[in-house]
Amino acid sequence: MDQGHSKHEHHTPGYGIYIIIWLVLIGLTSITVTVAGIDFGMIALAIALFIAAIKSALVINIFMHIKFEEAIFKVFLLVSGMTLVVIFLLTFFDVYNR
Amino acid sequence: MANGVIAEKNKSFFEESTNRHSGILSWLLTTDHKRIGILYLIAISAFFIVGATFGILMRLELIAPGETLMGPQTYNSFFTLHGVIMIFLFIVPGLPAIFGNFFLPLQIGARDVAFPRLNLLSWYIYILGAILVVTSLLLPGGPVDTGWTFYIPYSVRTGTNVSLAIFAAFVLGFSSILTGLNFVTTVHRMRAPGMDFFRMPLFVWGMYSTAWIQIIATPVIGITILLVMMERLFGIGIFDPSLGGDPILYQHLFWIYSHPAVYIMILPAMGIVSEIIPTFARRTIFGYKAIAFSSLAIAFVGYLVWAHHMFTSGISDTARWIFSFLTFIVALPSGVKVFNWVATMYKGSIDPKPPFLWVMSFIVLFSIGGLTGLVVGSLATDIHLHDTYFVVAHFHYVMFGGTGTIFFAGLYYWYPKMFGKMYNIKVANISVGLFFVAFNLLYFPKFILGYQGMPRRYYDYLPEFTQLHLISTIGSWIMGITLILIFANLIYSLLKGAKAPQNPWGGVTLEWHISSPPPLENFHEIPYVDHEPYDFSLLEKMKNESH
Amino acid sequence: MNHTENAAAVHPVHRDDVGARMGMWLFLFTEILLFGGMFLAYAVYRFQYPEQFKIAAMELNTSLGTLNTVILLTSSLTMALSITALQKKNKFLSLVMLSMTIFFAFAFLINKYFEWGAKFSHGLYPGSEELLAKSNGEIVFFGLYYMMTGLHGLHIIIGIAILLFMLVFIIKDKVTYDNHVKLENSGLYWHLVDLIWIFLFPLFYLIH
């Protein structure tokens with residue numbers, strides 16, 4: 001396990017995939033900005049965060065490559081992400097009810 | 001391995017270094033996890049003594065009502081510094097940085113941690129943090145007087161050196177994060193062939209769970225500290241109520257780290273207990289998987305209970321009962337461990353050496369601490385006990401009677417391996433007994449004082465509390481003497497002690513398969529692990545290997 | 001000498017690319033939790049001061065924010081392309097893409113400089129008379145704005161330094177097509193900086 005690996009074990013996306021993802025990200029950004037201009041009230045925040053989440057998923061999976069890493073990386077990310085979510089939830093049990 | 005080959009390679013890591021320097025420089029530039037563990041041992045022990053000194057002086061002030069040897073402002077600084085030093089410079093780094101660094105790689109059959117240079121960096125960051133704490137005592141403005149919890153709004157109003165002191169804590173947080181990051185990667189990437197997760201010793205499970213908390217929780221205190229500094233320096237209006245800030249939000253952010261932090265303190269200790277009991281009961285641990293999973297469970301559930309520190313702060317009723325309920329749940333995995341440890345001893349062949357005696361003391365003291373945790377975790381009783389001496393007694397029982405005791409247990413267990421010297425067993429036995437007596441004299445009265453109404457962090461008190469305060473202060477003097485005895489025994493043994501054998505206690509985990517002290521590269525050949533971690537049938541085979 | 005031989009023999013260069021990436025991800029989690037704490041503060045205060053946040057947010061320039069978002073997203077693209085180029089043994093293209101990433105980073109910072117500068121000249125900074133005269137919710141909004149975009153900007157500056165180092169390493173062949181985990185880890189850091197902004201942008205610039 002401590003010999004050098006000179007070959008990448010995992011798949012490397014080519015230039016094309018990255019450019020496509022970039023185009024999608026730009027597209028999602030323009031959707032976000034447009035939607036913000038229309039007054040949806042409370043739902044506006046939910047929509048904005050939802051789109052941000054999609055953008056994040058694309059960046060994390062493709063640009064940051066986690067889709068192609070060993071499964072344990074995804075477990076780590078899930079654990080960390082869930083902890084943050086739980087912290088938000090529990091804090092709001094207080095803030096929402098004060 | 002023929003005897004001739006072993007004889008050639010019998011230099012210890014003290015004599016061989018990872019760099020080309022000699023003397024002090026070879027230590028200050030080392031990347032050897034064992035040397036880094038010892039560097040931490042020296043620094044952390046020094047600050048433990050400083051923190052204990054503050055404690056003893058505090059108890060001296062409290063021997064009688066009224067001023068004894070210091071005014072109230074000084075007293076406020078003393079209890080703040082006692083807390084800051086003990087928590088950030090001793091207990092949080094203590095077991096991971098000393099024993100984790102030294103023994104995690106050994107126990108998994110590795111030659112070092114995953115990132116040895118980051119490991120050295122983490123020590124230098126620790127030293128930097130320590131220097132910043134000391135500096136905050138000396139600069140104009142004066143030593144911090146907010147309590148180690150730095151609550152808003154006082155922490156934003158007081159003129160003492162808050163920003164410098166909390167920045168020190170921020171720096172120390174980095175050290176903790178680097179240690180945690182190193183250990184998680186090491187456990188995943190560097191286990192010896194054959195050592196799957198369920199063949200790892202329980203100390204490694206404890207350290208692994210701890211490392212995750214170090215990674216995930218520490219940044220939250222990091223950002224909280226930065227926000228308080230910005231509030232003090234620029235008045236950004238993030239916590240200060242006069243600008244629209246919410247002091248309760250500060251408490252949330254503070255405790256979101258500081259509660260999981262107590263599990264950083266106790267999980268390695270519980271791991272060490274799971275090492276010592278099998279060795280001195282000469283049988284395998286009862287319920288290995290239960291103990292392993294309980295470490296993960298404690299780490300996870302520990303994130304869900306933080307607001308039990310805030311029951312009287314003004315949070316909503318809904319939050320209060322939810323957090324009280326979750327607090328009861330986190331006690332369960334700890335209970336699982338205590339039952340399994342006791343079950344391990346049943347029908348074991350007990351060898352009451354000092355490490356085992358320390359662990360027995362731990363079980364009593366930690367159980368008292370844990371059970372009284374339920375008392376303060378229960379919403380109704382906490383209303384009366386919050387901010388009283390009852391809480392002070394509770395956390396000293398779990399932190400000092402718990403982790404502190406195991407700091408000594410771990411030292412007395414692994415010292416012969418680390419330094420190749422044996423200490424005086426009789427003096428060690430006396431130390432354990434004296435410690436138990438001193439500890440209870442010092443802290444048990446505080447439970448009573450607390451429910452009688454004595455508030456914590458108070459410089460003065462009503463005359464009816466005098467007798468119990470006196471007993472506690474006398475306890476602190478005996479404790480001081482005991483601590484001197486504990487350290488003196490070890491230091492003396494370093495200079496004049498008998499040479500320790502490879503396996504003085506009859507342990508079977510991998511560190512006992514190599515010489516005392518270990519060689520630089522830990523193992524001449526990386527072992528292939530094909531047995532359970534506490535398989536005592538190995539002892540016969542090991543006796544033939546030893547050198 | 002003996003010691004040198006020993007050191008080399010005993011501690012051979014231990015290379016574990018997966019381990020190096022794992023360590024980097026663990027570090028990224030600490031960054032996520034660091035900013036997460038501030039996002040939590042933002043969430044709490046937005047819940048407590050919904051109207052005042054809307055009023056305060058009108059001071060922010062949505063176009064500039066959108067431009068910066070596009071800049072950072074594009075810099076993530078060039079960062080990823082830089083790594084792919086190196087993996088395909090195209091050292092020159094890799095250097096070009098990396099330089100473009102650094103260029104975009106500077107562009108972001110320059111925009112930020114003008115943005116903050118405009119606010120300062122309108123008297124909208126922590127502790128200013130104008131700001132203190134506003135409602136509590138607005139003061140808190142700007143506190144969060146400066147703190148979060150400020151810390152993010154600091155991370156961009158650190159990122160630029162890291163990428164400059166990578167530029168030098170690639171030129172000097174210390175990072176190559178078959179030994180480039182440092183560049184991958186730098187990329188991970190850079191994408192994280194982008195990720196944080198992906199959330200900052202709607203929360204500060206798109207409250208209407």
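Predicted model: local features only at pLDDT ≥ 70, side-chain atom pairs only at ≥ 80, totals over all residues.
Me: Ok. Leaving aside neighbours within four places in sequence, what is C:Leu64 in contact with?
Reply: With those neighbours left out, C:Leu64 is in contact with C:Asn111 and C:Glu115.

Me: And where does C:Leu64 sit?
Reply: C:Leu64 belongs to helix α4 of chain C.

Me: Why does C:Leu64 count as partly exposed?
Reply: Because C:Leu64 has 15 C-beta neighbours inside 10 Å. Buried would take 20 or more, and exposed would be 12 or fewer.

Me: How far apart are C:Leu64 and C:Phe108?
Reply: In space, 9.7 Å from C-alpha to C-alpha. Along the sequence, C:Leu64 and C:Phe108 are 44 residues apart.

Me: Switching to interfaces. How many residues are in the contact between chain C and chain A?
Reply: Chain C puts in 36 residues and chain A puts in 37 residues. On the chain C side, the elements giving two or more residues are α2 (17–48), α4 (62–87) and α8 (181–205).

Me: Which of those gives the most?
Reply: That's α2(C), with twelve residues on the side that touches chain A. By type, this side of chain C has 21 nonpolar, ten polar and five charged residues.

Me: What about chain C with chain B, how many residues there?
Reply: There, 31 residues of chain C are in contact with 35 residues of chain B. Elements of chain C that give two or more residues to this side are α1 (2–10), α2 and α7 (136–171).

Me: Which element gives the most on that side?
Reply: α2(C) again, this time with 14 residues touching chain B. The chain C residues here split into 18 nonpolar, twelve polar and one charged.

Me: New topic, the largest nonpolar core. Which residues touch the most other members?
Reply: B:Val273, B:Ala409 and C:Leu144 do, in a core of 260 residues. Helix α9 (residues 247–281) of chain B gives the most to this core, with 23 residues.

Me: Which domains of chain A does this core draw at least three residues from?
Reply: Domain 1 (14–64) and domain 2 (70–98) of chain A each give at least three residues to the core.

Me: Back to B:Ala409. What does it touch, not counting residues up to four places away in sequence?
Reply: B:Ala409 touches B:Ile272, B:Ile276, B:Pro355, B:Trp358, B:Val359 and B:Phe362 on that count.

Conventions
Residues numbered from 1 in each chain as written. Chains lettered and ligands numbered in written order. Contact = placed C-beta atoms within 7 Å. Helix = DSSP H or I, 4+ residues; strand = E, 2+ residues; numbered from the N terminus. Nonpolar A, V, L, I, M, F, W, Y, C, P; charged D, E, K, R; others polar. Core = buried A, V, L, I, M, F, W, Y, C linked by C-beta atoms within 7 Å. Domains from an automatic or database assignment.
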